[in-house]
Amino acid sequence: MTDIHETDRDGLRELIRSCAFDLKLPLVRRDIDLLIQQSADEQWNLWRFTAELLRREKENRSENQRRHRIKNAGFPQLRYLNEIDTDALPADARKALPTLETLDFIKNGRNLILYGNPGTGKTHLATALGIAACNAGHSVLFTSVPRLLTQIRECRNALTLRSLENKFERYDMVICDEFGYVSCDKAGAEMLFNHLSLRTDKKTTVVTTNLAFNRWNEIIDDKVLVTAMVDRLTHKAILLNMTGKSYRMKETQEMMTQQI
């Protein structure tokens with residue numbers, strides 16, 4: 001490498017960068033000079049140079065894919081498992097957390113239902129598990145139930161509902177947040193039921209709700225449909241009672257105490 005004429009070196013550099021661009025190898029295109037210099041300094045042979053070049057490109061691609069999965073999931077906030085105050089979690093969640101962190105429930109296509117009063121960490125836990133799933137290579141979608149219903153209606157009107165269903169069905173994990181905050185009419189409830197049913201016994205759906213199952217009829221005025229929906233979502237599911245003291249209320253009380 002050291003015997004190559006400067007003019008030839010410039011030409012080869014441009015050829016490498018051009019090929020790397022066409023082959024979609026951004027790290028090679030960006031860092032080829034640094035890698036060649038390191039190989040010269042450390043006296044790598046061609047086998048070592050080639051292996052290092054490909055290893056770094058693979059790692060760069062994996063990292064870009066990981067970031068892409070997290071971005072495309074649509075998380076409203078980035079929350080991580082190591083940020084969870086386990087002592088503040090309700091008892092059910094605290095006990096189940098080590099098992100949930102393995103993500104085996106996703107591999108087995110099991111649903112996860114987090115129910116309980118507001119402010120107890122349901123969305124934080126669901127988001128953190130979703131990001132962990134993205135990091136592990138799973139495809140994830142985060143959506144609120146009201147937003148999902150709006151999207152279903154819009155796609156139905158635009159005659160693109162089947163395309164939405166196909167995409168929705170393929171996600172390894174779908175997080176449906178805020179079920180129970182907004183009521184829906186019979187037509188909306190039926191669309192939601194049909195949409196969620198696409199994933200039954202196939203892929204993981206995570207639902208966070210402030211309502212116990214016996215109160216779902218408060219937002220869906222159809223007892224038969226409510227029964228069917230609960231039956232579909234809870235079949236082989238992990239059910240966590242997240243009822244407890246609101247951490248937001250706790251923070252507010254602590255702030256008020258500090259101000260006195």
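This is a predicted model: local features need pLDDT of at least 70, side-chain atom pairs count only at pLDDT 80 or more; totals for chains, interfaces and linings use all residues.
View 1. If you're wondering about a partner, Cys155 is in no disulfide. The nearest cysteine sulfur belongs to Cys176 and sits 15 Å away, while the cut-off for a disulfide is 2.5 Å. For the model as a whole, the disulfide count comes to 0.

**View 2. Cys19, a partly exposed cysteine.** Here the relative accessibility is 36%, so Cys19 goes down as partly exposed. That value falls between the 20% limit for buried and the 50% limit for exposed.

**View 3. The two domains of the chain.** The protein chain splits into domain 1, residues 2-72, and domain 2, residues 74-252. Their C-alpha centres are 42 Å apart. How many residues of each domain are in contact with the other? Domain 1 brings 5 residues and domain 2 brings 8.

**View 4. Where domain 1 meets domain 2.** About 570 Å² is buried between the two domains, with carbon and sulfur atoms giving 53% of that area. On the domain 1 side, Arg69, Ile70 and Asn72 lose the most area to domain 2, and together they make up 84% of what that side buries.

**View 5. Polar contacts across the interface.** Looking for salt bridges between domain 1 and domain 2? The rule finds 0. What does turn up is 4 residue pairs in polar contact, both partners at pLDDT 80 or more. Sorted by class, the side of domain 1 that touches domain 2 has 3 charged residues, 1 polar and 1 nonpolar.

Methods:
Residues are numbered from 1 along each chain as its sequence is written. Side-chain values use heavy atoms; hydrogens and water are left out. Domain bounds come from an automatic or database domain assignment. Contact means heavy atoms within 4.5 Å. Buried area is the accessible area (1.4 Å probe) that two parts lose on being put together, summed over both. A salt bridge is a side-chain nitrogen of Lys or Arg within 4 Å of a carboxyl oxygen of Asp or Glu. A polar contact is a pair of N or O atoms within 3.5 Å; within protein, one must be able to donate a hydrogen and the other to accept it, and residues adjacent in sequence count only if both atoms are side-chain atoms. Ala, Val, Leu, Ile, Met, Phe, Trp, Tyr, Cys and Pro count as nonpolar, Asp, Glu, Lys and Arg as charged, and the others, Gly among them, as polar. Buried means under 20% relative accessible area, exposed over 50%, partly exposed in between (1.4 Å probe, protein chains only).
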